[in-house]
Amino acid sequence: MIRFDNVTFQYEKADTPALSDINLEIREGEFVAIVGHNGSGKSTLAKHVNGLLLPTQGGVTVCGMQTSNEDDILKIRQKVGQYIIASPAEITGNGAPYRQKVGMAFQNPDNQLVTTVVEEDVAFGPENLGVQPSEIRERVDEALASVGMTAFAQFAVHHLSGGQKQRIAIAGILALKPQILVLDEATAMLDPSGRSELLETVKKLHEEGMTVLMVTQYMEETTGCDRIIVMKGGKVVLDGSPADVFTHTDILTASNLIPPEPVIVRDALRTMGYTLSDRVLTAEQLAEELCPSL
Ligand code: ADP
Ligand code: MG
């Protein structure tokens, strides 16, 4: 569904590439976490998926289309949940009809919500794509249900918590019917309960078949993913299942990453002689293996 072939990317005026020779394949329906220290290239990689950035060398293919192909880029952005929004000036007026706007979920939900009422916000993307009003209604209802926010349809956006706003931002993306959801540290500004609410929402979308690419700084958010990609200095240094990735403590440490606490405890217990499997990644799994009879 997404393929990176020998992708190198260098920002203008930068001395070193932000991405170096990345080769990746992400299959339909996969739930992939991307982790790495600040500046390791996570956001740069995410922005290549929707063609917001184009490789300096190599190519990115999304649903069979090259991001470097201008004729395909609007379709690609729609498929990855990026929408094209006309600014108010452009709606009323003159000149180019569209201005690009990222609908990928980013850190700050306040920058992603554009209207004052929840359901209007969710409808905004499809309205701008020219979707029929009756279908917009259906899509909005469905998207709000998906993120568990149906009861808030008529609420004022500014009355919502950070976690609720982020879920509305995601509903706005879902209303575009994307095949891929890209989240770039979408939980970073949220409190722990907002974070877990959002993570549950994303897991549910994945279970319903959506391909999810989730950049996160919270390692404990990655244990339920199908796959973790670890980045360092613009390169992929680990790529595997959570059980596999968290056996490579040395590479994680060298990448300035700290495994989730249950994994640290697991490893410490192993050095004390306990037999624990690589599948132990959460506190619940740790308890289960230590006390199977509980
Ligand atoms: P991450 O999301 O993992 O923190 P980024 O993809 O944002 O990393 O950045 C990767 C590298 O590219 C860093 O060295 C960063 O300083 C650099 N970089 C990011 N954005 C720009 C930009 N707009 N111009 C120049 N360099 C940039
Ligand atoms: Mg980033």
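Which residues in α10 meet which residues in α11? I'll start there, and note that this is a predicted model.

On the α10 side we have Pro-262, Val-265, Arg-266 and Leu-269, and they meet Ala-283, Leu-286 and Leu-290 in α11. By class, that contact has six nonpolar residues, no polar ones and one charged.

Now the geometry. Two packed helices are described by the angle between their axes and the distance between the axes. Helix α10 covers residues 261-271 and helix α11 covers residues 283-290; their axes come within 9 Å and cross at roughly 30 degrees. Angles under 35 degrees count as roughly parallel, so α10 and α11 are roughly parallel to each other. Their crossing is left-handed.

The second pair is α4, residues 118-128, and α5, residues 133-146. Here the axes are 9 Å apart and the packing angle is about 125 degrees, and α4 and α5 are therefore oblique to each other. The crossing of α4 and α5 is right-handed. From α4, the contact uses Val-118, Glu-119, Val-122, Ala-123, Pro-126 and Glu-127; from α5, Ile-136, Arg-137, Arg-139, Val-140, Ala-143 and Leu-144. That contact has eight nonpolar, no polar and four charged residues.

Last, ligand 1. What surrounds ligand 1? The residues are Tyr-11, Ala-18, and then His-37, Asn-38, Gly-39, Ser-40, Gly-41, Lys-42, Ser-43 and Thr-44. Some distances to oxygen atoms of the ligand: a polar side-chain atom of Thr-44 lies 2.4 Å from one. For Gly-39, a polar backbone atom is 2.7 Å from an oxygen atom of ligand 1. For Ser-43, an N or O atom in the side chain is 2.9 Å from an oxygen atom of ligand 1.

Note on methods: Residues are numbered from 1 along each chain as its sequence is written. Chains are lettered from A and ligands numbered from 1 in the order in which they are written. This is a predicted model: local features need pLDDT of at least 70, side-chain atom pairs count only at pLDDT 80 or more; totals for chains, interfaces and linings use all residues. Side-chain values use heavy atoms; hydrogens and water are left out. Axes are lines fitted to C-alpha atoms, for helices over the stretch in contact, and angles run from 0 to 180 degrees between N-to-C directions. Helices (H or I, at least four residues) and strands (E, at least two) are DSSP runs, numbered from the N terminus. Angles under 35 degrees count as roughly parallel, over 145 as roughly antiparallel, 65 to 115 as roughly perpendicular and the rest as oblique. A crossing is left-handed if the near helix is turned anticlockwise from the far one by less than a right angle, and right-handed if clockwise. Contact means heavy atoms within 4.5 Å. Ala, Val, Leu, Ile, Met, Phe, Trp, Tyr, Cys and Pro count as nonpolar, Asp, Glu, Lys and Arg as charged, and the others, Gly among them, as polar. A residue is near a molecule or strand if one of its heavy atoms lies within 4 Å of it. A polar contact is a pair of N or O atoms within 3.5 Å; within protein, one must be able to donate a hydrogen and the other to accept it, and residues adjacent in sequence count only if both atoms are side-chain atoms.
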